[in-house]
Amino acid sequence: MSEFMKFDPNPIPFFKRVEDLTPELLASYEESSYTWQPGDEGCLRITKSSLGAHNFCPYQYKLNNIYQLPTVENEAMVKGSNVHAIVEYFWANVDEEYQNHGTPLETAKALLKEGNERQARKILHAVMPEPPEPYRYGEKVVIEKWFDWQWERFLVTKGVDWVAVGNEVSVHARINVNIHGEDIPVHLRGFIDTIFSDGEGGFILMELKTGKWNLRKAKNMREEMQFYRLALEEGQQAEYLPVSHWAWEFPNGTANGGIKSEWEIEKLGTRKTSYAPRSVMNNIRKLVLGHVTGIFEPEPFDKKCEWCDYLELCPAWGGTMGEEEE
Ligand code: SF4
């Protein structure tokens, strides 16, 4: 029995919502699988997480996604889910009519205009419900820092283009990946935390992280955001195109030795961001190649292996799981 304190005030978890997909994308999604191998019907499913897992360690990916061995839920995961649930609820409700008093956003804008900042902040903050029992894993600190940043944006924008236009946006796309001259179909799948309007007809993809921040993470973040951009573009989700920027926020960036709380926004098409499309396609190609060849080598490194749920099964550490096949 789970002892974890979980709190999600949203009526339906985002991953259980009914989706408005084209028949082709729905069929592609339904026939896709993490365990696909050459000769199978259907196609390989790749998510941002499965791609990230393969980049992290191909062998860990194999045990988790192909053998589907469970991972152990931990406090960091629960904290992440609890924080994301509140952020999702906030954006879903901040511009919704409340007891015939207008929306919290309208009220806060009017108060700001009158110079009553304190009350405007209070009205917006009150959109976030408190859990029935106190948070246990540090969620409160993360949520308050996240809210402070939204409040600062509110003061700067005066509420214009401030609300997320996309909230836990589901993305699907079908692409072909060429391996040794053969096109292998792949279904891309993901959920984008939030999408904002840039005010000029473009869109900003935003990812919220509840872990630590350090400078090395920027490269990973660009690749995660590029995965979403690729899925939006290839899936032709026109309501969120063109993507003009991507951004990320780490309100709890000082946790576990991180250097600071950080949010960053980057314009696309600059030298800093232009390598990401090629890099993500290379990563996707490597993952598909793994399924074509059946090769998923362990990539041991003390600091990452100490967090791995499969350490005792891993051949790099004396285990034998899966070795019979290679
Ligand atoms: S223990 Fe290390 S090398 Fe082995 S599967 Fe886990 S992360 Fe990969």
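## Basis of the description

Because the model is predicted, local features are given where pLDDT is at least 70 and side-chain atom pairs count only at pLDDT 80 or more, whereas totals for chains, interfaces and linings use all residues. Residues are numbered from 1 along each chain as its sequence is written. Helices (H or I, at least four residues) and strands (E, at least two) are DSSP runs, numbered from the N terminus.

## Helix H9 and its partners

Two packed helices are described by the angle between their axes and the distance between the axes. Here axes are lines fitted to C-alpha atoms, for helices over the stretch in contact, and angles run from 0 to 180 degrees between N-to-C directions. Helix H2 (residues 48-56) and helix H9 (residues 276-293) have axes that come within 10 Å and cross at roughly 80°. The two helices, H2 and H9, are therefore roughly perpendicular to each other, a term for angles of 65 to 115 degrees, with those under 35 counted as roughly parallel, those over 145 as roughly antiparallel and the rest as oblique. On the H2 side the contact (C-beta atoms, placed from the backbone, within 7 Å) involves Leu51, His54 and Asn55, which meet Asn283, Ile284, Leu287 and Gly290 of H9. By class, the contact of H2 with H9 has three nonpolar, four polar and no charged residues, where Ala, Val, Leu, Ile, Met, Phe, Trp, Tyr, Cys and Pro count as nonpolar, Asp, Glu, Lys and Arg as charged, and the others, Gly among them, as polar.

Helix H9 also packs with H8, at an angle of about 85° and with the axes 9 Å apart, which makes H8 roughly perpendicular to H9. From H8, Arg222, Glu223, Gln226, Phe227 and Leu230 make the contact, and from H9 it is made by Ala276, Pro277, Ser279, Val280 and Asn283. The classes in the contact of H8 with H9 are five nonpolar, three polar and two charged residues.

In helix H6 (residues 117-125), the buried residues are Ala120, Ile123 and Leu124; a residue is buried if 20 or more other C-beta atoms lie within 10 Å of its own, exposed if 12 or fewer, and partly exposed in between, with C-beta atoms placed from the backbone.

In H5, Pro104, Leu105 and Ala108 are buried, and they lie on the same side of H5, since they cover an arc of only 95° around the axis. The buried residues of H5 pack against H6. Just after H5, Gly115 takes a positive phi of about 90°.

## The shell around the ligand

Of the 14 residues around the ligand, those that come nearest are Cys57, Pro298, Cys305, Cys308 and Cys314; a residue is counted as near if its C-beta atom, placed from the backbone, lies within 6 Å. Helix H3 (58-66) and helix H10 (302-305) each supply at least two residues of this shell, and by class the shell has eleven nonpolar, one polar and two charged residues.

Phe203 lies in strand E5 (residues 203-208) and is buried, with 24 other C-beta atoms within 10 Å. Not counting residues up to four places away in sequence, Phe203 touches Ile195, Phe196, Ser197, Asp198, Tyr240, Leu241, Val243 and Ser244.

Leu241 is joined to Pro242 by a cis peptide bond, with omega near 0°. Pro242 lies in the loop between helix H8 (217-234) and strand E6 (243-250).

Most residues other than glycine have a negative phi, and most peptide bonds are trans. Glu168, in strand E3 (residues 166-179), has a positive phi near 50° and counts as buried, with 21 C-beta neighbours inside 10 Å. Asn256 likewise has a positive phi, of about 50°, but lies in the loop between E6 and strand E7 (262-267) and counts as exposed, with 9 C-beta neighbours inside 10 Å.

Gly257 is placed in the loop between E6 and E7 and is exposed, with 7 other C-beta atoms within 10 Å. The C-alpha atoms of Gly257 and Gly294, 37 residues apart along the chain, are separated by 37 Å.

Conventions:
Contact = placed C-beta atoms within 7 Å. Arc of directions from axis to C-beta.
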